[in-house]
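Open the model in your viewer and keep the selection tool ready.

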Amino acid sequence: MRFTVSRVTVRKSTYRSIASLQRDTSRCRACVEAGYQIESLPVRAPFAGQQAYMFGQAPGIVEGQERLPWRGRAGQKLRRWLELDEEAFYSTFYCASVTRCYPGRMPSGRGDRAPTPREQDLCEFWRDWELELLRPRLIVTVGGLALRRMLGLTELTAAIGERFEREGVPVVPLPHPSGASSWPHAPGNRERLERALELVHAELAGLAARS
Ligand code: SF4
C-alpha cells in the first residue's frame with residue numbers, strides 16, 4: 001500500500017485522555033511526511049483498562065492489514081509462551097510498539113524492514129504519552145529494539161530473565177517470538193526465557209492480588 005504525502009498528522013502539546021491520544025495516533029502519517037515508505041496505517045490497541053503495557057518492535061503485515069497488534073504467527077507464539085488465550089492476552093496487556101505502521105519488507109525480500117532510528121524517534125511521541133496517561137504497573141518489552149528504546153539496554157541475552165525498573169515501574173524483557181529468530185535455540189536461552197516468563201506471571205499475579 002502506498003500513501004501520498006499530505007499533512008494529516010496532529011500532535012497536541014498535551015493530552016488529557018487516552019481516547020484523544022488514540023484518535024491522533026490512529027491517523028498519524030509522520031513517517032510518510034518525513035519521506036519514509038511505510039506499508040500500513042497505524043495499528044491501534046483497544047484500551048480496556050489494562051494495567052500492563054506490552055512494547056514490541058513494529059507491526060508485521062497481518063497486523064498492518066487488521067490494524068490490531070499481535071495478530072500473526074509471532075503473536076500466537078507469544079500467547080503460547082505466556083499461556084494466555086486471546087481474550088486474556090488483550091485484556092491483560094495494552095499492546096504498543098516502537099513504531100506502529102508496517103514498515104514493509106527489506107529490499108532483499110528476506111524479512112521485514114527494521115524501522116530507521118528517525119522513524120523510531122518520530123513514534124516515541126505516542127509511547128511517551130501512553131505511558132503518561134495509562135501509568136501501567138508492569139511493562140513487558142518484546143525483542144532487542146524494544147528493550148533498547150525502553151531501557152537503553154543493548155544486550156538482549158543478558159536482560160532476559162532479569163527484572164528492571166523504569167521510573168518505579170517493573171520492566172520484564174522477553175525475546176522476540178518471531179519464527180525467524182534463532183535466539184530461543186542458543187544454549188541456555190530456553191532457561192532464560194522460562195525465568196522471564198515466570199517473572200511476568202509473578203508480576204501479573206501481584207497486580208491481580210492488589211486489584
Ligand atoms: S510509525 Fe509511528 S510515527 Fe510513523 S507514521 Fe506510523 S504511527 Fe506515525
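Two strands pair if DSSP finds at least two bridges between them. Helices (H or I, at least four residues) and strands (E, at least two) are DSSP runs, numbered from the N terminus. This is a predicted model: local features need pLDDT of at least 70, side-chain atom pairs count only at pLDDT 80 or more, and totals for chains, interfaces and linings use all residues. Residue numbers start from 1 along each chain as its sequence is written.

**Stop 1: the strands.** Select β1, residues 52–56, with β2. The two run parallel, joined by five bridges. Pick Tyr53; its bridge partner in β2 is Tyr94.

Buried means 20 or more other C-beta atoms within 10 Å of the residue's own, with C-beta atoms placed from the backbone. In a regular strand, side chains alternate between the two faces of the sheet. On one side of β2, find Phe93, Cys95 and Ser97; on the other, Tyr94 and Ala96.

**Stop 2: the ligand.** Select its surroundings, among them Cys28, Cys31, Cys101 and Cys123 (C-beta atom, placed from the backbone, within 6 Å). Which helix supplies the largest share of this shell? α6 does, with three residues.

**Stop 3: the helices.** Show α1, residues 18–26, against α6. They pack at about 165°, axes 10 Å apart. That makes α1 roughly antiparallel to α6 (angles over 145 degrees).

Definitions and conventions. Buried ≥ 20, exposed ≤ 12 C-beta atoms within 10 Å, placed from the backbone. Axes fitted to C-alpha atoms, helices over the stretch in contact; angles between N-to-C directions. Parallel < 35°, antiparallel > 145°, perpendicular 65-115°, else oblique.
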